[in-house]
Amino acid sequence: MGKLTKNQKMAMAKYDAAKQYKLSEACEIVKEITYTKFDASVELSVNLGVDPRKANQMVRGVVTLPNGTGKQTRVLVLCTPDKETEAKEAGADYVGLDEYIDKIKGGWTDVDVIICTPSVMAKVGAIGRILGPRGLMPNPKTGTVTMEIGNAVKEVKAGKIDFKVDKTGIVHAAIGKVSFTATQICENAQELISAILKLKPQALKGTYLKSASLCSTMSPGIQLDVKTFSSAE
């Protein structure tokens, strides 16, 4: 193991890496052990006892964080001309159809979320191989394929995120910034945890929540006491 930096040593001195903390405590600690000069993101990772290879154990959902994500979410709306004004008034960063599909085919994917109407899904499907690996493919299950374009854009801008268990059984999600108060981070984390708990697969045998941790972009992970997740911590 390499030598610890000065900041790493200071961070390690402020908490016990072997201890499991209550969520409220961890949200205080993550602010204290982050020494970046930029406003680092705070990420929650939850290890689930599911087998993502089985369709009846897939955990995927959407949640609106009460305090937002702390980042400017760039939204592209792919729609027909009759929906363009609605999308623009709701705050979409980019609005159009064929011109943006051509840009994406050319390698442009400088957006965070893509929303479209059902009528253009045939065209969007043609770029699915580009969007899919980047997590940008619109999906009715996450509310990004809808006729309610204006509402969808506003929800995303307000802090709506989608999450999905990865192939190792872990849900990773950015839930705010270090500049948030500990209470704001905790509220956002609670909202995500609540959503994950509600999605427990009926087919699952054994432990659902195995472990969890909280960290910032450059900080070490803080282990969480998952036994407290069913209560308001």
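P220 is partly exposed, at a relative accessible area of 26%; the class lies between buried (under 20% relative accessible area) and exposed (over 50%), computed with a 1.4 Å probe on protein chains only. The model is predicted: local features need pLDDT of at least 70, side-chain atom pairs count only at pLDDT 80 or more, and totals for chains, interfaces and linings use all residues. Residues are numbered from 1 along each chain as its sequence is written, and side-chain values use heavy atoms, with hydrogens and water left out.

P220 sits in the loop between β8 (209-216) and β9 (222-223). Helices (H or I, at least four residues) and strands (E, at least two) are DSSP runs, numbered from the N terminus. The C-alpha atoms of P220 and M147 are 42 Å apart, with 73 residues separating the two along the chain.

β8 and β9 pair antiparallel over 2 bridges; pairing requires at least two DSSP bridges between two strands. I222 in β9 is the bridge partner of L214. β8 also runs antiparallel to β1 (residues 41-48), to which 7 bridges join it. Here N47 stands opposite S211 of β8. Of the 8 residues of β8, 6 are buried, so the strand is largely enclosed by the rest of the structure.

Salt bridges number 9, each defined as a side-chain nitrogen of Lys or Arg within 4 Å of a carboxyl oxygen of Asp or Glu. One of them joins K157 and D93, at 2.7 Å from N to O. This pair links distant parts of the chain, 64 residues apart: K157 lies in helix α7 (residues 149-158), D93 in the loop between α3 (84-90) and β4 (94-96). Both ends are partly exposed, K157 at 32% relative accessible area and D93 at 38%.

K123 and D98 form another salt bridge, their closest N and O atoms 3.0 Å apart. K123 belongs to helix α5 (residues 121-125) and D98 to helix α4 (residues 98-105), so the contact ties together parts 25 residues apart in sequence. K123 is partly exposed, at 39%. D98 is also partly exposed, at 39%.

E155 and K160 meet through their side chains in a salt bridge of 3.1 Å, N to O. E155 is partly exposed at 36% relative accessibility, whereas K160 is buried at 16%. Elsewhere, salt bridges with shared partners join K71, R74, D110 and D112 into one network.
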